[in-house]
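Here is a friendly note to read alongside the model. Please keep the structure open and look up each residue as you go.

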Amino acid sequence: MAEVIDGKSVAEDVVQKVKALTAELVGKGAEKPGLAVVIVGEDPASQVYVASKSRTAKECGFHSLQHTLPADTSEQALLKIIGDLNADPAVNGILVQLPLPGHIDSGKIIQAIAPEKDVDGFHFINVGKLGTGELETAFVPCTPAGSMLLIERMRGKDLSGLNAVVVGRSNIVGKPMANLLLAANCTVTIAHSRTRDLPALARTADILVAAVGRPEMVKGDWVKPGATVVDVGINRIAAPEKGEGKTRLVGDVAYAEAAKAAGAITPVPGGVGPMTIAMLMANTVASAYLAAGMKRPSF
């Protein structure tokens, strides 16, 4: 059976390092890192995520701000808030919780965030830096950054010569994940729903990343023996065995099957999920170090 990659444990390591870096920064006379989270509307899942992010920011010793806006907030009003946060030296990271209400252009909002405060890593400048290998100053989206850290914990930072297959081509996970793997000297293939003979391609992967949003799509016989499998998916499906109307969380990988072949695998929940918030904290403290003219810390 595969070794289970414990995302909770690695995420806790990251948070502890962020705490130490924050204390070091303040000890040198700099301001503590500031993270501003903006949420528009009352989407229940978004409320949970934002509360968790704010709680972790406080735990890390950050200056934590939250702007909770009504669903009918205008695009112009939201842009004004972002402009104010861009200009505020006490704020190092700005995160606008997605999705936004339909009357607001999400792309326009994301591109309005100052690239040096874009701790979600979605601004075109950060996307371009990642795509060209400028990792020293790029902010990488948190989920692929966390996934990469889990891979490095299992296989080391130098992945030279390994075949990596990323199933999924989103701007949030698939594409940045592929760029991170390329930077680590993998031979990378991005696959998707229209890829021919996807199972055969997946079986070539020493590192297989699933990020398609389809419950248990990647089957056990898609996995090369000994491969490292990273499951980014979080899907809620019916669980009649638990009782009427009950549900359970599963990933994009059929875990029980894949774990028989893989060398290491992330569970769902408890794998990539905890890493996302931890890497948000890592990006924020990195932004604070850069703003203070200090070397960016590595994780």
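1. Start with Lys80, which counts as exposed at 52% relative accessibility. Here buried means under 20% relative accessible area, exposed means over 50%, and partly exposed lies in between, using a 1.4 Å probe and protein chains only. Asp84 is partly exposed, with a relative accessible area of 41%. The side chains of Lys80 and Asp84 meet in a salt bridge, at 2.8 Å from N to O. For that term, a side-chain nitrogen of Lys or Arg has to be within 4 Å of a carboxyl oxygen of Asp or Glu. Because Lys80 and Asp84 are four residues apart in helix α3 (residues 75–87), about one helical turn separates them.

2. A word on what you are looking at. This is a predicted model, in which local features need pLDDT of at least 70 and side-chain atom pairs count only at pLDDT 80 or more, while totals for chains, interfaces and linings use all residues. Residues are numbered from 1 along each chain as its sequence is written, and side-chain values use heavy atoms, with hydrogens and water left out.

3. How many salt bridges does a search of the whole structure find? There are eight. Among them is the pair Glu59 and Lys19, with 3.4 Å from N to O. This pair links distant parts of the chain, since Glu59 sits in helix α2 (residues 44–59) and Lys19 in helix α1 (residues 7–27), 40 residues apart. Glu59 is partly exposed at 39% relative accessible area, and Lys19 is partly exposed at 28%.

4. Another salt bridge to find is between the side chains of Arg248 and Glu241, at 3.4 Å from N to O. Arg248 is partly exposed, with a relative accessible area of 28%, whereas Glu241 counts as exposed at 59%.

5. Now step back to the whole protein. It has 10 helices and 11 strands; helices (H or I, at least four residues) and strands (E, at least two) are DSSP runs, numbered from the N terminus. The radius of gyration is 19 Å, close to the 19 Å that the globule rule gives for 299 residues, so the protein is as compact as a globular protein of that length. The radius is taken over C-alpha atoms, and the rule is 2.2 Å times the number of residues to the power 0.38. Along its principal axes, the C-alpha trace spans about 50 × 45 × 30 Å. Buried residues make up 49% of the 299 residues.

6. Next, the backbone. Most residues other than glycine have a negative phi, and most peptide bonds are trans.

7. Finally, look at two positive phi values. Asn185, a residue other than glycine, has a phi near 75°. Asn185 is in the loop between α7 (174–183) and β6 (187–191), and is partly exposed at 46% relative accessible area. Asp197 has a positive phi near 45° and is found in the loop between β6 and α8 (198–202). With 51% relative accessibility, Asp197 counts as exposed.
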